[in-house]
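Have the sequence and the 3D view ready as you read.

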Amino acid sequence: MIHIDLLIVGAGPAGLMAAKEAGTAGANVLLLERSHVPGGQLVKQTHMFFGSEEQYASYRGFDISEILLDEIKKLPNVKLALNATALAVYDDGIWAAEMDGASYTKILPKAVIIATGAGEKSLAFPGNDLPGVYGAGAVQTLMNQYGIKPANRVVMLGAGNIGLIVSYQLLQAGVEVLAVCDGSPRIGGYLVHAAKLRRMGVPILTSHSVKQAAGQGRLETVVLWELDKAWQGIPGTEKVYRADVLCVAVGLSPLSELLRQAGCEMVYVNTLGGYVPYRDSFLATSRENIFVAGDVAGIEEASSAMVEGRLAGLSAAKFLGLSTPDFNAKRNDCMTQLESLRSGHAGERILSGLAQAVIGS
Amino acid sequence: MAIDEKSHILFTKPLHQTPMIYYHSTNTDINLKGDYMRISAHPILDFERGTQVSFTFDGVQVSAYTGETIAAALYAAGYRTLANSPVRHRPRGFFCAIGNCSSCMMVVNGNANVKTCIELVQDGMIVETQRGKGTL
């Protein structure tokens with residue numbers, strides 16, 4: 001049995017920042033990461049981040065991951081366990097993890113931060129289970145992390161930021177992007193990303209979706225069609241593309257199973273991507289020693305995940321009775337940064353979602 | 001069937017007026033396997049491959065590099081089907097590639113339900129297609 005001050009599940013942008021902040025405050029931290037590499041989805045982000053200096057703007061995602069990791073390594077009281085999957089939490093507050101492939105380990109933490117991130121959603125259409133129909137993030141992993149060209153010709157479903165960014169990255173890897181389509185009448189992602197694709201000659205078809213995917217044992221053709229105002233396909237508007245991969249970028253959903261199992265009160269919030277925990281503005285859930293940070297608390301971006309990680313790290317340190325002289329200044333700084341990241345058009349949806357999940361202050 | 005090679009739109013006639021007979025192989029002009037699939041020139045990224053190893057997939061020798069996952073190595077070798085759905089036996093590839101979705105589970109060294117999208121290759125591994133739900 002491992003006795004520890006703080007257990008953090010997930011070493012992505014939120015978990016790494018949380019470990020750094022709580023570790024700096026003096027907490028003994030165990031950071032569990034299921035993958036063989038830390039950084040979460042930062043490791044496959046080749047684009048430069050927006051935001052401000054505090055959120056590592058103008059650095060590329062994989063560089064940010066390295067920076068955070070270097071800072072964690074300076075803290076001897078923070079232990080990062082790779083190939084370590086949190087499995088369950090029991091009524092007596094003991095958490096179980098599979099570590100290094102085989103050993104079943106019990107952990108009794110005084111506080112926990114859940115930073116498990118999100119999973120890719122799919123969409124219902126005939127043929128959506130064919131090999132060749134992949135999450136856009138999956139294709140990004142194959143291409144940017146493992147250096148394997150995923151396809152020769154791709155159709156992208158979804159013109160949000162992930163759909164647009166991955167389309168551009170596919171072009172950088174020498175893949176032809178035949179079309180980007182989105183059921184919405186408007187491009188959901190930043191227009192700066194859409195403009196880069198348009199300049200490369202990639203058509204972006206709004207009010208279009210997939211009618212079906214087909215092929216013998218693997219994807220060979222994708223049929224798109226136009227949607228009417230009620231999002232119903234219009235017969236006669238089909239376009240058939242010869243493609244070996246169809247990327248699905250229709251949103252993410254929080255990986256909140258552990259929170260539910262821990263007994264945190266949950267709420268379904270569409271604009272946050274699914275079931276998220278009720279929490280206060282400082283990221284404490286309804287279970288007094290469990291905190292959340294990042295996409296598992298509601299789908300946003302890596303920049304806000306990092307700030308939330310820092311905020312949850314501060315909250316957990318305070319719960320553990322570890323006081324830092326500049327606690328209030330740091331916490332106020334996090335709140336100001338989050339407010340700034342959530343301002344503007346894209347922030348409206350997130351703020352309306354948070355209004356349903358954040359209780360008190 | 002009109003084929004617009006430039007846009008790769010096979011035909012634009014409404015589907016309900018067109019018999020669905022276009023399941024011809026489209027792979028003749030597409031090299032889908034081998035080191036061709038491994039990206040060597042990239043504007044931003046440098047890929048450092050590990051040492052070359054080999055494993056078997058349903059008895060067939062597959063070469064790979066250390067640091068690659070089983071699913072990534074199989075993909076580079078041209079394999080797209082990693083599993084079959086347990087009831088209707090439909091072919092399945094990976095979907096999420098980060099260990100969430102369980103679409104890529106295979107039998108590895110006799111152990112069922114291994115998520116091959118996050119399991120790294122090792123020299124001499126025995127990888128097999130899983131039948132049904134697998135047994136422990």
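When we sort residues, Ala, Val, Leu, Ile, Met, Phe, Trp, Tyr, Cys and Pro count as nonpolar, Asp, Glu, Lys and Arg as charged, and the others, Gly among them, as polar. This is a predicted model, where local features need pLDDT of at least 70, side-chain atom pairs count only at pLDDT 80 or more, and totals for chains, interfaces and linings use all residues. Residues are numbered from 1 along each chain as its sequence is written, chains are lettered from A and ligands numbered from 1 in the order in which they are written, and side-chain values use heavy atoms, with hydrogens and water left out.

**The second largest pocket**
- A pocket is an open set of points on a 1 Å grid over the protein atoms alone, with protein on both sides within 12 Å along at least five of seven lines; a cavity is a set where a 1.4 Å probe fits but cannot get out, and lining residues have an atom within 4 Å of a point.
- The second largest pocket holds about 670 Å³ of space, where a volume is the space filled by probe spheres set on the points, with grid points joined across faces, edges and corners.
- Its lining has 22 residues, and A:Val43, A:Asn144, A:Gln145, B:Asp46 and B:Phe47 lie nearest the centre.
- Sorted by type, that lining splits into nine nonpolar, seven polar and six charged residues.
- Helix H2 (61–73) of chain A gives the most to this lining, with five residues; helices (H or I, at least four residues) and strands (E, at least two) are DSSP runs, numbered from the N terminus.

**The largest cavity**
- Searching the whole structure turns up four cavities of 30 Å³ or more, and the largest has a volume of about 60 Å³.
- Both chains line the largest cavity, with residues including A:Thr141, A:Tyr146, B:Phe94 and B:Cys117.
- Seven residues of this lining are nonpolar, two are polar and none is charged.

**A closer look at A:Thr141**
- A:Thr141 sits in helix H3 of chain A.
- Is A:Thr141 buried or exposed? A:Thr141 is buried, because its relative accessible area is 2%, and buried means under 20% (exposed is over 50%, partly exposed in between; 1.4 Å probe, protein chains only).

**A sheet in chain A**
- Three strands make an open, antiparallel sheet in the order S12-S13-S14; two strands pair if DSSP finds at least two bridges between them.
- Strands S12 (208–214) and S14 (239–242) are the edges, each pairing on one side only.
- Four bridges join S13 (221–226) to S14 in chain A, and A:Thr221 stands opposite A:Arg242.
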